[in-house]
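This report describes how two protein chains meet. Please look at the sequence and the structure before reading on.

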Protein chains: 2
Amino acid sequence: MSAPARTPEPPYYAVIFTSTRTDVEEGYAAMADLMASLGSQQPGFLGLETARGEDGLGITVSYWESEEAIANWKRNVDHRGAQAKGRSTWYSEFVTRVAKVERAYGFVKPAPHA
Amino acid sequence: MSAPARTPEPPYYAVIFTSTRTDVEEGYAAMADLMASLGSQQPGFLGLETARGEDGLGITVSYWESEEAIANWKRNVDHRGAQAKGRSTWYSEFVTRVAKVERAYGFVKPAPHA
């Protein structure tokens, strides 16, 4: 995805997941795809933004209607034991922050005239 | 920076800036460095995380002690006319979201034994 998520008017919730990767590639891409896919099917899911720079720092922000939607999503993920098991393999460090989005504003460059 | 920001116990605030770039490079790196430098000198600044992926989506999250600290920072930035002027040059799209971090948890991989 290459554009900011289209989210409704605040308030809503953001889960900010910041991480540095180990050099273990095995299973990582499949897990990341599965997480994105499961998340987007979850009730209350509003959008996802993800970026990883050349220095290895990655930031993934998912947006949710409510805290309840986040709790349900977390429960769903926890049921897949693979994720917890794999974290220490794929990540050397991570922080998850749950935050309530209180206001938002943006800009979209107008398309040039044809 | 290649590691998640070291932030205190919540609550604190996050400003999530998600953007897609135009192909205009002129002045961009200098502005980005200036913004990071000014921000980190601002009272109430707690940390910064930034990543831009190969698809062009960039995410920068700055962390702040209070809404007042964010308001002061924004005022400081607004005084530099260059920023507002340059936004439509450097960015094809962006969204800024201000959020209150309510809880956080993390993981750091233990260093291997020597």
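## Basis of the report

Buried area is the accessible area, taken with a 1.4 Å probe, that two parts lose on being put together, summed over both. Chain B and chain A bury about 4200 Å² between them, and 56% of this lies on carbon and sulfur atoms. On the side of chain B, Arg97(B), Tyr105(B) and Phe107(B) supply 17% of the area buried against chain A, more than any other three residues.

The model is predicted: local features need pLDDT of at least 70 and side-chain atom pairs count only at pLDDT 80 or more, while totals for chains, interfaces and linings use all residues. Residues are numbered from 1 along each chain as its sequence is written, chains are lettered from A and ligands numbered from 1 in the order in which they are written, and side-chain values use heavy atoms, with hydrogens and water left out.

## Residues in contact

The contact (heavy atoms within 4.5 Å) takes 50 residues from chain A and 49 residues from chain B.

## Salt bridges

Six salt bridges cross the interface of chain B and chain A; the rule asks for a side-chain nitrogen of Lys or Arg within 4 Å of a carboxyl oxygen of Asp or Glu. One of them joins the side chains of Arg97(A) and Glu49(B), at 3.1 Å from N to O.

## Paired strands

Strands are DSSP runs of E with at least two residues, numbered from the N terminus, and two strands pair if DSSP finds at least two bridges between them. Strand β4 of chain A (residues 91-108) pairs with β4(B) in the antiparallel sense over 15 bridges. Within β4(B), Phe94(B) is the bridge partner of Phe107(A).

Notes
Helix = DSSP H or I, 4+ residues; strand = E, 2+ residues; numbered from the N terminus.
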